[in-house]
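This briefing is intended to be read alongside the sequence and the coordinates.

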Amino acid sequence: MSRAVALIDGNSFYCSCERVFDPKLATRPVIVLSNNDGCAVARTAEAKALGIRMGEPYFKIRDLCADNRVAVFSSNYTLYGDMSARMNAIYREWAPEVEVYSIDESFLDLTGVPARDRVAYGRDLRATVRQWTGIPTCVGIGPTKTLAKLANHIAKKNPELDGVCDLTDPRERDRWLPRVEVGDVWGIGSASEAKLMALGIESAADLRDMPARLARQRMTVVGEKTVLELRGISCMDLEEVAPRRKGCAVTRSFGTPVTTLDGMLEAVSAYATRAGEKLRRHGLETAHMVVFMHTSPFNRRDPSHSASKTVNLPEASADTLDLIDAAKRGALAIFRDGFRYSKAGIIMDDLIVAGSAPRPLFDARDREKSARLMGALDAINDRFGRATLVPAATGIRKREWQTKFDRRSLRYTTRLDDLPRAKC
């Protein structure tokens, strides 16, 4: 039986999550903003029709939103993450293999579904997800991941397909690929698109028919694989288990500019605390981190400053206290008085599996005690909510620097206090 891969994703996912819990939004334009309520990062079709572009700063469209009753929300990542988990639980009941590609996209193995039944299968899956979660989706099916992604794009753009497009049949590919612009093919960025257009390659069909060797010369091995995948030759397997992380970063724009050293030390300590949680969840450690901070590039009235510092840990660790110590040392080295810092963060590359790094010859550290302490910290926060218990270095007063979410909706699915209430 020929291979079949499906790509299913939530339509305007963040906005759809907001609509699930507020039926009054069903026909209103909706947008969701980035951290600090800065830019539009999700838009419904109604919002797009008003001319609101992806990434457009909110201050530029505030009046447009007010005049057209656009519902504007801050990002509610807790809600979106939980809704994503619920959708993937459904997918795992429908397919033997599922790769979670992003918060709103998953690849499913449909090889076992007969070819004549795949479109009906996709529509049944869409209906189930909509009934059980309230999220509208589209399904693209193909013999490769690139064609499945392309089929999903076609399903979104063509309402007559009823949300499902199947490109496993070569005749269907011949029908649809000439209609898709080459820049809409998965993996073709703006730079590659410009190179291809200069060669007269304007559609997905043109790219498919391009000599593979030429694609490799112009766009490296990635371009060659894209061409082969468009021909139905699979070059990418499903990854049921996500590959081990090679890096980890925690960066935030401040809700209010940070002007004091104490405020900056609190911020980087909070970021190090979050980084420690991530490392331990994935069973990883780091031996060094980069601490950075900078002023706003858009504020021309105040003096600007940008700096970073690489800090080495005595040994690889995922202990929050070790990471806080390193983050504070980095911040102390680069912070300067007289500046209004708008953003800071920590970046860790070359992560290693916990316990795999060589230990110092003369090692007086009590690792068992450290592991018990971090285990207790994680257990409490898992049970009662993130940041229930945090190191004092992250601040015990109101943190003015925290990212703003002034328009965030309730966390309906993860907090008892936020459960919707029905009145009669």
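How much space lies in the largest cavity? The volume is about 40 Å³, in a model that is predicted.

- A search of the whole structure returns one cavity of 30 Å³ or more.
- The lining of the largest cavity consists of Ile8, Ser84, Met87, Asn88, Tyr91, Ile103, Asp104, Glu105 and Ser106.
- Two elements, helix 4 (77-94) and strand 6 (105-109), each contribute at least two residues to this lining.
- Helix 4 supplies the most, with four residues.
- In terms of class, four lining residues are nonpolar, three are polar and two are charged.

**Nonpolar cores**

- In soluble globular proteins, nonpolar side chains tend to be buried together.
- The largest nonpolar core of this model comprises 35 residues. Within it, the residues with the most contacts are Phe254, Met264, Tyr271, Leu279, Met289, Met293 and Ile346.
- Two or more residues of this core come from each of strand 9 (247-258), helix 11 (261-281), strand 10 (284-295), strand 11 (306-317), helix 12 (320-334) and strand 12 (341-349).
- Helix 11 makes the greatest contribution to this core, with nine residues.

**Contacts of Met289**

- Met289 is among the residues with the most contacts inside the largest core.
- When neighbours within four places in sequence are set aside, Met289 is in contact with Lys309, Thr310, Val311, Leu313, Leu323, Ala326, Ala327, Ile346, Ile347 and Met348.
- One of these partners, Ile346, is itself listed among the residues with the most contacts in that core.

**Strand 2 and its partners**

- Strand 2 spans residues 30-33, with Val30 and Val32 pointing one way and Ile31 and Leu33 the other way. All four of these residues are buried.
- Strand 2 pairs with strand 4 (residues 71-73) in the parallel sense, over three bridges. Here Ile31 has Val72 of strand 4 as its bridge partner.
- With strand 3 (residues 40-43), strand 2 pairs in the antiparallel sense, also over three bridges. In this pairing, Val32 stands opposite Ala42 of strand 3.
- Strands 2 and 3 form a hairpin, with six residues between them. Asn36, in the turn, has a positive phi of about 65 degrees.

Notes: Residues are numbered from 1 along each chain as its sequence is written. This is a predicted model: local features need pLDDT of at least 70, side-chain atom pairs count only at pLDDT 80 or more; totals for chains, interfaces and linings use all residues. Side-chain values use heavy atoms; hydrogens and water are left out. A nonpolar core is a set of buried Ala, Val, Leu, Ile, Met, Phe, Trp, Tyr and Cys residues joined through side-chain atoms within 4.5 Å. Buried means under 20% relative accessible area, exposed over 50%, partly exposed in between (1.4 Å probe, protein chains only). Contact means heavy atoms within 4.5 Å. On a 1 Å grid over the protein atoms alone, a cavity is a set of points where a 1.4 Å probe fits but cannot get out, and a pocket is an open set with protein on both sides within 12 Å along at least five of seven lines; lining residues have an atom within 4 Å of a point. Grid points are joined across faces, edges and corners, and a volume is the space filled by probe spheres set on the points. Ala, Val, Leu, Ile, Met, Phe, Trp, Tyr, Cys and Pro count as nonpolar, Asp, Glu, Lys and Arg as charged, and the others, Gly among them, as polar. Two strands pair if DSSP finds at least two bridges between them.
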